[in-house]
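Take a moment to look over the sequence and the fold below.

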Amino acid sequence: MDMLVFSDSHGYRKNMETVLARWKKLPEFVVHLGDGCEEFEALAEAYRGGTTVFASVAGNFEDYSVPSALRPPAFRVVTFGKYRVFLCHGHRFGVKSGTEPFLPYARDNDLDVVLYGHTHIPYEETVSAPEMGRDRPLKIFCPGSISLPASGSPSFGVVTEKNGVLLFSHGTV
């Protein structure tokens, strides 16, 4: 099972289309972590009708550019296999200063994975089970930006569940 993760497209749909065209069969999930939900929803509409789940959350860009009635939620939890995956943009957690604010939220909400955007920088971290104060670690993952990277090439993320284990990777356009 695969989850394709986009963030921070900022009005540009083409790179998401390019990445989706690479897949022989659409992944089970395609998510967008904010700052571009309008073009993501237009893209999702073109692919709807199959079994792929499309989900987005609002970023700080949507807070000002999308009417509240049309804006996706700021946070969302999806079930991916046996894992609880938290989707957010990250600005409300201050991710540009670090990922520590996610820890109590993840612990209190029994999350296995936190996916966020906002920084435009690909990132991956595993917080150990003892550090989380529970019997399993927490994975924190940012796909970077699909259109406006802080440096390097536009990027995206892939989360794969294989034999009960989650694998994380970054790709470039």
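A nonpolar core is a set of buried Ala, Val, Leu, Ile, Met, Phe, Trp, Tyr and Cys residues joined through side-chain atoms within 4.5 Å. Buried, here, means under 20% relative accessible area. Keep in mind that this is a predicted model.

Now apply the idea. The largest nonpolar core has 18 residues. Met 3, Val 85, Leu 87, Leu 115 and Val 159 have the most contacts inside this core. Strand E5 gives the largest share, with three residues.

Pick out Met 3 and look around it. Leaving aside neighbours within four places in sequence, Met 3 is in contact with Phe 29, Val 31, Val 78 and Phe 80, among others. The list also includes Leu 115, Gly 157, Val 158 and Val 159.

Next, follow strand E1, which covers residues 2–6. Is E1 mostly covered or mostly open? Mostly covered: four of its five residues are buried. Strand E1 has partners to look for. E1 and strand E9 (residues 155–162) run antiparallel, joined by four bridges. Here Leu 4 stands opposite Val 158. E1 also pairs with strand E2 (residues 29–32), this time in the parallel sense, and again over four bridges. In that pairing Leu 4 stands opposite Val 30. How does the chain get from E1 to E2? It passes through helix H1 (residues 14–22), and this β-α-β crossover is right-handed.

Now step back to the whole chain. The protein chain holds five helices and ten strands. Its radius of gyration is 15 Å, close to the 16 Å that the globule rule gives for 173 residues, so the chain is as compact as a globular protein of that length. The C-alpha trace spans about 45 × 35 × 35 Å along its principal axes. Of the 173 residues, 51% count as buried.

Contacts complete the picture. Take those in the protein chain with a separation of 6 or more: 62% of them join residues 24 or more positions apart.

Methods: Residues numbered from 1 in each chain as written. Predicted model: local features only at pLDDT ≥ 70, side-chain atom pairs only at ≥ 80, totals over all residues. Heavy atoms only, no water. Buried < 20%, exposed > 50% of the residue type's maximum accessible area, 1.4 Å probe, protein only. Helix = DSSP H or I, 4+ residues; strand = E, 2+ residues; numbered from the N terminus. Pairing = 2+ DSSP bridges. Right-handed = clockwise from strand over helix to strand, strands pointing away. Contact = heavy atoms within 4.5 Å. Rg over C-alpha atoms; globule rule 2.2 N^0.38 Å.
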